[in-house]
Amino acid sequence: MATQAAFMPGTKVETLTFWGTVASWLTTVDHKRIGILYGTSAFIFFLVGGIEALIMRLQLARPDNTLVGAERFNELFTMHGTTMIFLAVMPLSAAFFNYMIPLLIGARDVAFPRLNALSYWIFLSGALLLNSSWLFGMAPDGGWFGYANLTTTQFSPRHTIDFWMLGLQILGISSMLAGFNFLVTIINMRAPGMTLMRMPVFVWMSFVTQFLLVLAFPAITVALILLMFDRFFGTLFYAPAAGGDPLLWQHLFWIFGHPEVYILILPAMGIVSEVLPTFARKPLFGAPVVIYSGIMIGFFGFGVWSHHMFSVGMGPVADAAFSVSTMLIAVPTGVKILNWIGTLWGGSIRFRTPLYFALGFIAMFTMGGLSGVMHASPPVDLQQTDSYFVVAHFHYVLFGGSIFGLFGGIYYWWPKISGKMLDERLGLWHFWLMLLGFNMTFFPQHYLGLIGMPRRIYTYAGDLGWNFWNMVSTIGAFLIAVSLLFFIANVFRSLRSGAVAGNDPWDARTLEWSIPSPPPVYNFARVPQVQDRDDFWLAKHGDGHGGAPRPKAAPVTAAEIAAIHMPPTSYWPIVLAIALTVMVSGLLISTYQIIIGGLATLVLMYKFAMELHRPASGHGH
Amino acid sequence: MADHAVAHAVHDPNIGNTGLDNRKMGMWAFLGSDCMFFGSLIGTYLAYKGKSISGPLPHDVFDIPLTSYSAALLLASSLTMVLALAALQQSRVKAAGGWLFVTAMLGLHFVLNQVYEFTTFVLHHGLKLSTSLFGSSFFVLTGFHGAHVTGGVIWLLILVSLAMRGQLDARDYTKVEITGLYWHFVDIVWVAIFTVIYLIP
């Protein structure tokens, strides 16, 4: 065991200088480090998007307020939506994909470690390009779904839309590369014995998400390419004067945009499906049905996009078809909610912070789902569309759903990632304040919407009866901000002086808890042999029907660890991501920059591809 | 070291638990995604078909014999790609490099034909990106296909140069096979584009 301790994290094998440490992070291909990079960046952007929201709520706190003007308000809601979706929730999910999927399937890394690093650096480049627009006073202002033809040069002559369009295009590349990587990882890197139906449900929901990523992003890629050609090269795709149809944008955007909703929620559903069985101490109720439901949600997710467009007048046939398909998709979602409740039923429940967040997820997401079914009916939708009711609805699914689920995941897996426990008391303060603040912020918005407050207005008159609930909503938003201070304090406290977690602090069910916290760089000293979905639980406790726990394996020897071969670090991912960004941002600056950046990208792609082709001696493959 | 060599021969890190190669599966995932990409572009073209409010119209400008010739070049290049792969499998590296070179040249010929076609459209028919919906959707769709072919030609030429430098042999079968998957895909997309855009009136 002494030999293994030398490889345990926390015990420094080699001491690096400051710059050596920085370089090791810049060149890392370790899925765990990339997961931490994703998670940290996403949390910072989550705070940025949150500050944007707070400024909007301050502006709307009182009627006829003059804190920000109409133009700044447009920038704020555009960047808030874009940031929260593409720079906060998606990369936070990606952080869990990166860190947890290889651990949950018993693998030592993802299928393409360098491609994984490339995804992260491209993501960061796109995020910085998008947010650099603030520095130039050209923050995007066309709304997060950037409807044509508001986005054409005639109506948006400045570079505002260009920052948004190019930023999203870069982020799309990152998401698709990550999608290919995790599809292959999940199919091909599972430990022996882990059949598809033995995969943990989080991995399953992530698997469906990867399909959505690789199949939905091309639609927005094309929509953005057409927009780019309209804005830079004079094409007429979104020009009604030449016969172009602005609805083309809406269709392409929502063919991406609705699967995107499930890209945002399915990972959180997966996390909840891991947290509930652990803290109820019984298997996920009807796990195969939860998996089938996830697949059905992913499949139907491609057939409901036009319910975002009822108000454009598609005619009764299209309206009816999309209305029915939208109601249909509520069925597998409802099945999942039933199964989560069934998991809790009769369990010996231990109330810990991750479970609170998972329960918060179920309650809040159910409310968001119910108002979602209301929108599925076109006549109802026509009353609600573009009102605050819709704002309330999608915050209940994306904040009450995704964010609560993702925080549940953070509290659940933090001990595995950091090796330290988070404080329960601070965690509960965070949970209750966030739940209270969230409901104070968004529940009144249902009512505001129904009495006629449109979304995206920067101010309102004082005699409309909206004053009180807007003030309540603003106070709620600041309560959310305060709750996050508790979270941040908790994190720093844990890192400084948190209790040591040990391998398995929750007495949990899946493979990642069978290895040290934080895991060694190679994850599993021995590749596990999997016999069940809750394999680690069965190994510890037997199958509950008289089957005995499995005998403990012999200690890992130094020779076994020495034989493990991990991929070397690489500079090419970060350099390639920079070159790509230089090329794309050249559209805003000069043609020469596009050419230089483009040539550099080509050369670096070649270098990237050739790095492992016939390497110098030392690396067997 | 001998032990290591044996261990690696037994366990190729690119082969996963399904027995399939990671890289090949990654390429299939990319091609699935690319189907949606071209699907969206072709869908855009079809949505705008006949909606242009000014000429020239598709059949005023299309040179079907020329484009048929281009299509034949691309189809033939799929055959030479297969021949390259077969040669590599039998460790005939020189022949493999030769066939890869022929494949690249057929692709290059296709691209040059497209350059000629685009130039004719612009100079003789006055059809530009900004002329009409037809001009916009035609050039963007076929242009992105041409960019895919160009990327494939560069990829093939890199393989040719590796073969000439003795850095390509039967061990690299999967790499060349993946190149082939991409190349055949681009070829098949052209069959769809050629039929839907050029042949159907």
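Mentor: A helix here is a DSSP run of H or I with at least four residues, a strand is a DSSP run of E with at least two, and both are numbered from the N terminus. Residue numbers start from 1 in each chain, following the sequence as written, and chains are lettered from A, with ligands numbered from 1, in the order in which they are written. The model is predicted, with local features requiring pLDDT of at least 70, side-chain atom pairs counting only at pLDDT 80 or more, and totals for chains, interfaces and linings using all residues.

The residue is Gln167(B), which sits in the loop between H6 and helix H7 (173–199) of chain B. Burial is counted from C-beta atoms placed from the backbone: a residue is buried with 20 or more others within 10 Å of its own, exposed with 12 or fewer, and partly exposed in between. Gln167(B) has 14 C-beta neighbours inside 10 Å, so it counts as partly exposed. A contact requires two C-beta atoms, placed from the backbone, to lie within 7 Å. Neighbours within four places in sequence set aside, Gln167(B) is in contact with Leu162(B) and with Arg614(A). Its C-alpha atom is also 9.7 Å from that of Val93(B), although 74 residues separate Gln167(B) and Val93(B) in sequence.

Ser91(B) lies in the loop between helix H4 (64–89) and helix H5 (93–125) of chain B. Its phi is near 60 degrees, a positive value in a residue other than glycine. As a general rule, most residues other than glycine have a negative phi. Ser91(B) has 12 other C-beta atoms within 10 Å and is therefore exposed.

Chain B has seven helices and zero strands, and its pattern along the sequence reads α-α-α-α-α-α-α. Its C-alpha trace spans about 75 × 35 × 25 Å along the principal axes. Of the contacts in chain B with a separation of 6 or more, 81% are between residues 24 or more positions apart. Buried residues account for 36% of the 201 residues of chain B.

On confidence, pLDDT is the predictor's score for each residue, from 0 to 100. Chain B averages 92, and 95% of its residues score at least 70. Residues 1–10 of chain B stay under 50, and the model gives them three contacts beyond four places in sequence. For the model, ipTM is 0.93 and pTM is 0.94.

Now the partner chain. In the interface, 31 residues of chain B are in contact with 33 residues of chain A. On the side of chain B that touches chain A, helix H1 (2–10), helix H2 (22–47) and helix H6 (133–164) each supply at least two residues. H2(B) gives the most to that side, with 13 residues. The chain B side divides into 14 nonpolar residues, 16 polar and one charged, where nonpolar means Ala, Val, Leu, Ile, Met, Phe, Trp, Tyr, Cys and Pro, charged means Asp, Glu, Lys and Arg, and polar means the others, Gly among them.

Some features of chain A complete the picture. Phe365(A) belongs to helix H11 (residues 353–375) of chain A and is buried, with 28 other C-beta atoms within 10 Å. Beyond four places in sequence, Phe365(A) is in contact with Val397(A), Gly400(A) and Gly401(A). The C-alpha atoms of Phe365(A) and His393(A) are separated by 9.5 Å, with the two residues 28 apart along the chain.

Helix H15 (residues 467–497) of chain A has 31 residues, so at 1.5 Å a residue it should span 45 Å, which agrees with the 45 Å between its end C-alpha atoms; the expected span is 1.5 Å times one less than the number of residues. Buried residues of H15(A) include Asn470(A), Gly476(A), Ile480(A), Phe486(A) and Phe487(A). Among the elements covering the buried residues of H15(A) are helix H3 (31–61), helix H13 (388–418) and helix H14 (424–450) of chain A.

The peptide bond from Ser517(A) to Pro518(A) is cis, with omega near -15 degrees. A cis peptide bond also joins Ala148(A) and Asn149(A), with omega about 0 degrees; Asn149(A) is in the loop between helix H5 (113–132) and helix H6 (160–188) of chain A.
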